[in-house]
Amino acid sequence: MELLLFILPVFFALSVLVMPQSFVRAYGLIGGLATLALTVVLMANYNPDGGMHSFVAQQWIQAYGITLHFGYDGISLMMLLLTTVLVPLILLSNFGRELSSNRLFTSMVFLMQLGLIGVFISLDGIWFYVFWEITLIPIFLIAYWFGEPERKAALMKFFMYTFFGSLFMLASLIGLKSFAASFAIEDLQAVELAPEVATWLMGGFFLAFAIKVPIFPFHTWQPSTYSKSPMAGTMLLSGIMLKMALYGMLRWMLPLFPEALDCVTYPIIILGTIGVVYGAILAIKQDDMKRLFAFASISHVGLIAAGIMTADKDTLSGSILQMINHGLVAVGLFLAADVIERRLGTRSLRELGGIAKQAPKFAFWFAALAFASVSVPFTSGFVGEFLILKGMFSFDCVIGIVAGSTLILGAVYTFRAYQLSMYGPVKTSAFADLSMSELIVFAVIIIAVVFLGVYPKAVIDFVEPSVTNLLASIKQTPLVP
Amino acid sequence: MDALIVIFVSGLISIFAAFAKKPAVVLLGASGGLMVAIGLMVNQLITGDTFIQIDYEGLNFDSIALIFSLALSVFTLLIISVGYERFKEEPNHTGEYIGLLVFSLCGAMIMTAFTDMFMFFLGLEILSIPIYVMAGSRKSDVRSNEASLKYFLMGAFATGLLLFGIAWIYGATQSFTIDGIAAAVANGDVAENPILLVGILLILSSFVFKVGAAPFHFWSPDVYDGAPHAVTGFMASVVKMAAFAAFLKLFAGCFGGEMLHDFWAPALAVLAVITLFVGNLSALRQVRLKRLLAFSSITHVGYTLLVILSNDQLATFDLWFYMAAYGFSIIGIITVGLVVNDSEDRIEALRGLGKRNPLLAIVAVVSILSLAGIPPTAGFFGKYMVFSHAWNDWWWLVIIALINSAISIYYYLRMLGTVISTEETPGEKIVVNPLTAAVLVICLIGMLGLGALTPYLIG
């Protein structure tokens, strides 16, 4: 049953290539919904208190310490759910767009899904790395084939930057393995390191994750890549791929190197906080809507990364909730930017205005998304950010206050974008209101966000036992004096 | 041993079959012989029996020599099949071309199986001399002639160094056999004997030349660039694998003891660093396919030197896997280059390949990914194996190698971008003949499936 998680995406990625052109989009949607259904079934069968459910655990290449070890707990399942919900939404939101080859596009999205699913359920270091890198190829191809005209330099930078980071993760994995029996996560966790060694090895992981998230000084690839990618590529990057890095911090970085935490927690939290303010300030000054949301994304994920590093139970649950929220809202916002661009041919805020009068339905859903993005109560962002900020305050109240500015700054840049594009004099020609497929995407996202805002316990209760286990494994390891 | 004889005989057959002036007969003879030999080797690997028991003290086809010979024969078979398209244009000489490649394979197999220095030297020469000729096989092409002459002069020089080194080592150890030398250097007095050390350095330099590591790499870009595609592929896959197999056998086996290792390893480590940077930085701005591949192969030599340094029990398997993965990748991309057949051999000629022939494009993409070491291709697993075993003693070298992997992404990605680009109007469609298509598919399977085979191969 669980193996279908690998089989379904591969099957759809290959079979879509031979489907008739007119049927490709519907077929892709069916595939996306099939994996979603599978995830829902797995979640229904999973007992949140049951700990890690590993469905394959056996030796593979003993001489090199590689095992076949896959499994999931509440956190992984939440990430799987996010992935499998967003993939059909991304495919659906692409219905209105002309692509040079729908077959290749859909196939690449499924390959991407395969890599993402693999990352979220790998419990062996090498498999984690392999899937982590596999995701890079389809996203590169999507952006290369379907992106904007001057995309090549940006993509080159993106690929080299992230690959560079990943190689250091590989180095750290190899280094850590030289002390352990195998790459299985339990064996790696059992290693006790001297703090200096742990810090260096953790640095390799951190570099890979920090580049992918991206955390403040490693973010320079992100705005250009986001704005040059096609809309679906941006959605995949910001909606899911970046969660991969946050998940990596949770699952791999914290439990593997508890010895280093004393030394690195503070710097990483400070970097995350700088990212919160820095991203927000730059977002305020942007004219291109996609770039604006890209910087906003830096701001939001900086907060999540900082929250994860506090290694506190409520904060971690909040971070997971916020990861889901950010995935949903980011996809919605980039779709909104794309809706405007597709109709008017521009994303520049200076050239926009008065869309609300022409397209009231769009204005409503965009406003709802804007509220979700600035985390007003009754949206999931509120609960998530509240939990994270609470954790940050108890960690250090100065950092908490600085990070808290995200609430104000977030409102400034989001509503500035909304106001400039939707209100004011009508500057542009006719604006057709939302099509059915776009409406569905917006509605699903908003319903999910509001549901999680009203009833966050659904997520928090689901992940809480797993988070407790994770933290127990961090705290158990005795700190070397 | 019987496989070697079969291959030698099939080489003879293909030379004599040339009198019939029917290229197809030559190809059939050579590839039939190679397939029989491959069958014999697989049989010997699995059951441990040979059909003809020949004992000769100079050669020992143990399982290590067999897996190397097996890969070498498969690569030769692939290259002959690919090159046939070009060879048959000159029906008078097809037999010579194919025969020389097959003879060269005999030398390569001897280099994996030798047990004394004499056979080692013979193997090296049997391997090299046909390649000197083959590099110049496009007689009317100035660059091909240059490649041949350059390779011959530099090769002769390196051979001289090697002979000289063997002589010094004989002087120190009074032995030509591997076992004799290993036993002699186990004695502390011999191991510190300067005569031995000079001999080791001379042999080391000749190996470094043969595999094309910096600073003895200057011949390789010109030779790779000038030689015909098939010969370039042969040099990159077969010659390199055989040279590395012998390199590892001598240096990990004979000179691998604690004291001697401490003597030559630091020197080799420095060479590895230089090789990595020289190969990578020179490759960045190349516009011609084979020249780029030449520099990329210098970089790959740099990674492979880590195997020689690593001093691990699994080093032999690491080396085999790495070179096998590299061989499939390079044959894949060279075949694509040969089929596209651009007179200037520009990378630009690969533009829009996906529209012109999807199979070629897929093979090109996977080859590039494998050369760059990106999962899930065999190139990644090879790199991982090499790095993981080198880590314990040479962690700083591994980090330098990883940085170089990151640099190399730049030119691989540029090449990848050219292959997959869609917007420009592509050239006309390319037709691939069935033989070449089969080679491409085998390369593809090799690049994607080698990693999954590891658990079986390692036993």
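This is a predicted model: local features need pLDDT of at least 70, side-chain atom pairs count only at pLDDT 80 or more; totals for chains, interfaces and linings use all residues.
## Model and confidence

Residues are numbered from 1 along each chain as its sequence is written, while chains are lettered from A and ligands numbered from 1 in the order in which they are written.

The predictor gives the complex an ipTM of 0.90 and a pTM of 0.92. For chain B the mean pLDDT is 88, with 98% of its residues reaching 70 or more.

## Nonpolar core

A nonpolar core is a set of buried Ala, Val, Leu, Ile, Met, Phe, Trp, Tyr and Cys residues joined through C-beta atoms within 7 Å; a residue is buried if 20 or more other C-beta atoms lie within 10 Å of its own, exposed if 12 or fewer, and partly exposed in between, with C-beta atoms placed from the backbone. The largest such core has 369 residues, and those with the most contacts inside it are A:L246, B:A242 and B:L306. Helix α17 (residues 378-420) of chain B gives the most to this core, with 22 residues; helices here are DSSP runs (H or I, at least four residues), numbered from the N terminus.

Leaving aside residues up to four places away in sequence, A:L246 touches A:V213, A:V301, A:I304, A:A305, A:I308 and A:M323, where contact requires C-beta atoms, placed from the backbone, to lie within 7 Å.

## Contacts between the chains

Across the two chains, 24 residues of chain B are in contact with 27 residues of chain A. On the side of chain B that touches chain A, α17 and α18 (434-458) each supply at least two residues, and α17(B) gives the most, with 16 residues.

## Two loop residues

In chain A, A:L193 is found in the loop between α8 (185-190) and α9 (195-212), and A:L193 is buried, with 21 other C-beta atoms within 10 Å. Not counting residues up to four places away in sequence, A:L193 touches A:F179, A:A198 and A:E259.

In chain B, B:F19 lies in the loop between α1 (2-17) and α2 (23-47), and B:F19 is exposed, with 11 other C-beta atoms within 10 Å. The C-alpha atoms of B:F19 and B:H93, which are 74 residues apart along the chain, are separated by 9.4 Å.

Definitions and conventions
pLDDT is the predictor's confidence in each residue, from 0 to 100.
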